[in-house]
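These are my notebook entries on one protein model. I set down what I looked up, entry by entry.

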Amino acid sequence: MIQNESELLRYSYADTRHLLTRAKYEWSYYTSEDIQELGGSLERYDALIISTNACNSPRILEWLTHNRSKIVNFLKRKEKGLLVLFQMALSDDRGRRTPFPFLPRRFEVRGQYRFRGGEQADQGSLQVGNGQERHPILRFPHKIDLAVVQDRCIQNENAPGLYWGFLRKFSADTYSEIVLDGGANPNRPLLLASRDSNDPRIVLSSLVLDWQRHDDLWENVIRFVVEGPEQVALVRRRGHSSFDMDLLQYALREQRVPHSVFTVNQLAEWTDDDEMFPSVVLDPGWSRGDRLNFLRGFSELSATGKSPSLHYFEEVAPEMRASCVIPRQSSYQLAVDNSIAWLMARWEDRLWDNSFWSTYDVVDLFVTVGEDLDPYKERILEEIRPRLQSNGSYDDVFGATCAVLQMYKWLEYSGQDFDRALNWVVSSMPGQNLYNAATAVDLLARVAPDSLSMALVRRTVERIKRTITTWTDGLETLRYIRTLVSVGEFSTVEAQVGRLMPAATGRTEWLNVFGAAETVAILLSVYANAQQSTEEIERMLFQGIEYLLEQYDVDTGTWREDAVATAKAAKSIYLFNQQASPAMTEAIQSIITKRVETARARAVADLKRRNRVLSQELAAKSSAQYRLERAQRTTRAKSKVVENWLIAALLMLYIGTAGLLVLLLSNLGKLNAFIRWVAQWQQASVPLFLGFALAPVLGVSILLNNFGREPRWLNFARRSFPFLRGIIGPPSNDR
């Protein structure tokens, strides 16, 4: 939390830290004094809260502006959140009506000061934004009554007033308008929240939620920013104590999974409140009769496609409880939903990727899943019209014109352009090659079957059958098999289905994801109409789905962040999910997940065992090394003693020799003559005496140490007299 220290010193209600404590969050707060320290620690937080009028501090506003890139990088992780409360400095003329300087470019917003034309702070009427009645900010964990909020604003003891500024110039595709002033003309947005679930959770408020102590709405906003939309409803039985439910509740809280707890006397008292929660968990304390009655109503809701995922527990034997799950949607459907959300976010009021073919595949997916095309229809038609020729074709290209006809059908457009394109395709068919003819038959069988000559269909099918052995190109094979499926030639397709194996496994020559997705769609049609054994079809179908799921990027919700690959793969996954039971797909996912976890646990256990063995080996080696080093130290000590005795003996011998020499000279009467010679030849005698004095030192060094190298005589002694090795050590090459 970033707060304005100047405001804190003047108004006690400006200190809102205790509101975070009440929400049971761990938090840190920064003011202008230590705001510089936030830059290095921002990533460790789940959310950033900029309190009311924090930007009135020039130092805080400067830091936020200069560190925009850090804030943008922080928000790139979709689990992060940002709450910006009312900022006067960004709403009046001080802000110079520029966007908030610290928001990502796509989330830019401007503030507007409201007091113009004699307006009063208590004027206005709070209303819920269009279609936002069920937004989590207004419902979780508290249901919000805006009439109560408005009354608290106006009658507030801290800062009375409805609002002092509003928000403007933002993208409606980026933000949802949660609360607005419906009394203004036009309506004024007062509370915005990021729209896309794949985006970071950004909330901007012109309502002074913290200073005016809107406790319920404040907590809802904080939980949305920190945790996201609510996920789980725990339906507990009043008077029943359950260790398991306590454990679940603790785990959800520790993992910051948004959840609500409902404690009721009868299970029939609780409803999902119009599919509010994605997941519902029933207390094990509910009786079997309670659960059965609840499940009957749940099945009716499930038929509408709006039911949550339901978790309950069944006593199958004494001391044995089964965990039962009725999934809301399978993990396959979740991948499809994420892909659709990603494709919607890429729509920029023009063709997807600025490409007709990319748009064709995206619209195909949207039609398959029942997505509303009204937001895109007119713009797509506008983009197509400039490419239409006077003869009704699309750039005089046969395949593209067939695709345009299909696009008209999807968009439910039946104007003059449709008729002209249809006439051009039908009239051009007789002169087309086999590939184009097969494309037209496939198209017209679905779009305009009445315009299709059965004789032409028969000729095209016969040509396809005659060329079966010559199909070499992967795309060509997919085209012909898809055409045979569209005209009901399932027996022929079954005989050739083995040709699709490379495509199902994503071979490069079959266009990887594109080819695998097309193959899955074809195999599903063949499977539904199979007249013979489906074993090979199932095997290829499962391999195709496995390949597509392997290529799916969970982080982006796409296939290679490519519109065509994502649309094609999502469509095939969706069709497959219609065939497979959600319960079975979830069972498969659970088994695989458990297998991966078990394998990981075994790998960790094996690693620990190997580490233990290595540690023991290392300890043994260390012990042996220690014993060896101790023996070597002992040997070196003994050798040193021997060497010291040798040095002493040599010195004594040297001194004795010098003494004998002096006595000899004295007895011979030559001592006085020697002294006179030394006096006469001082220059020569001094070096001689020094050499005589240093001779024993040099001799001992050479004899015992060879100037740091092993003396040869000592090594010879060690090799020749083994009984000395205990005293002087082993030979040098054994050390």
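**Entry 1: aromatic pairs.** I began with the rings, and the count in this predicted model came to 27 aromatic pairs. I then took up Tyr11 and Trp211, whose ring centres are 6.2 Å apart and whose planes meet at 50°. Planes under 30 degrees apart would count as stacked and planes over 60 as edge-to-face, so I recorded this pair as tilted.

I next looked up where the two residues sit. Tyr11 is in the loop between α1 (5-10) and α2 (17-22), and Trp211 is in the loop between β8 (201-205) and α6 (215-226). The two residues are 200 residues apart, and the pair links distant parts of the chain.

Trp211, with a relative accessible area of 8%, is buried.

I also noted Phe100 and Phe102, which form a tilted aromatic pair with 6.1 Å from centre to centre and 45° between the planes. Both Phe100 and Phe102 are buried.

**Entry 2: a cluster, and charges over rings.** Which residues form one aromatic cluster? I listed Phe356, Trp357, Tyr360, Tyr394 and Trp410.

I then searched for charged side chains over ring faces. Arg17 lies over the face of Tyr29, at 4.1 Å from the ring centre. Arg114 lies over the face of Tyr163, and the figure there is 3.9 Å from the ring centre.

**Entry 3: helix α15.** I checked the length of α15, which covers residues 454-466. The expected span uses one less than the number of residues.

Which residues of α15 are buried? They are Leu456, Val457, Thr460, Val461 and Ile464. Seen down the axis of α15, these buried residues fall within an arc of 130°, so they line one face of the helix. On the other side of α15, I found Arg458, Arg459 and Arg466 exposed. I also asked what covers the buried residues of α15, and the answer includes α14 (434-447) and α16 (474-486).

**Entry 4: Gly474.** I followed the covering helices to one residue, Gly474, which has its place in helix α16. I then looked up its separation from Leu500, which is 26 residues away along the chain. The C-alpha atoms of Gly474 and Leu500 are separated by 8.5 Å.

**Entry 5: Asp199.** I located Asp199 in the loop between β7 (188-194) and β8. Its relative accessible area is 10%, so Asp199 is buried. What does the side chain of Asp199 contact? I found a polar contact with the side chain of Arg106, at 2.5 Å.

**Entry 6: the whole protein.** The secondary structure comes to 26 helices and 13 strands. The protein has 735 residues, of which 44% are buried. I also looked at contacts between residues at least 6 apart in sequence, and 67% of these join residues at least 24 apart.

Key
Residues are numbered from 1 along each chain as its sequence is written. This is a predicted model: local features need pLDDT of at least 70, side-chain atom pairs count only at pLDDT 80 or more; totals for chains, interfaces and linings use all residues. Side-chain values use heavy atoms; hydrogens and water are left out. Rings of Phe, Tyr and Trp (its six-membered ring) pair if their centres lie within 6.5 Å; planes under 30 degrees apart count as stacked, over 60 as edge-to-face and the rest as tilted. Helices (H or I, at least four residues) and strands (E, at least two) are DSSP runs, numbered from the N terminus. Buried means under 20% relative accessible area, exposed over 50%, partly exposed in between (1.4 Å probe, protein chains only). A charge sits over a ring if NZ of Lys or CZ of Arg is within 6 Å of the ring centre and within 35 degrees of the ring normal. The expected span of a helix is 1.5 Å times one less than its number of residues. The arc is that of the directions from the helix axis to the C-beta atoms. Contact means heavy atoms within 4.5 Å. A polar contact is a pair of N or O atoms within 3.5 Å; within protein, one must be able to donate a hydrogen and the other to accept it, and residues adjacent in sequence count only if both atoms are side-chain atoms.
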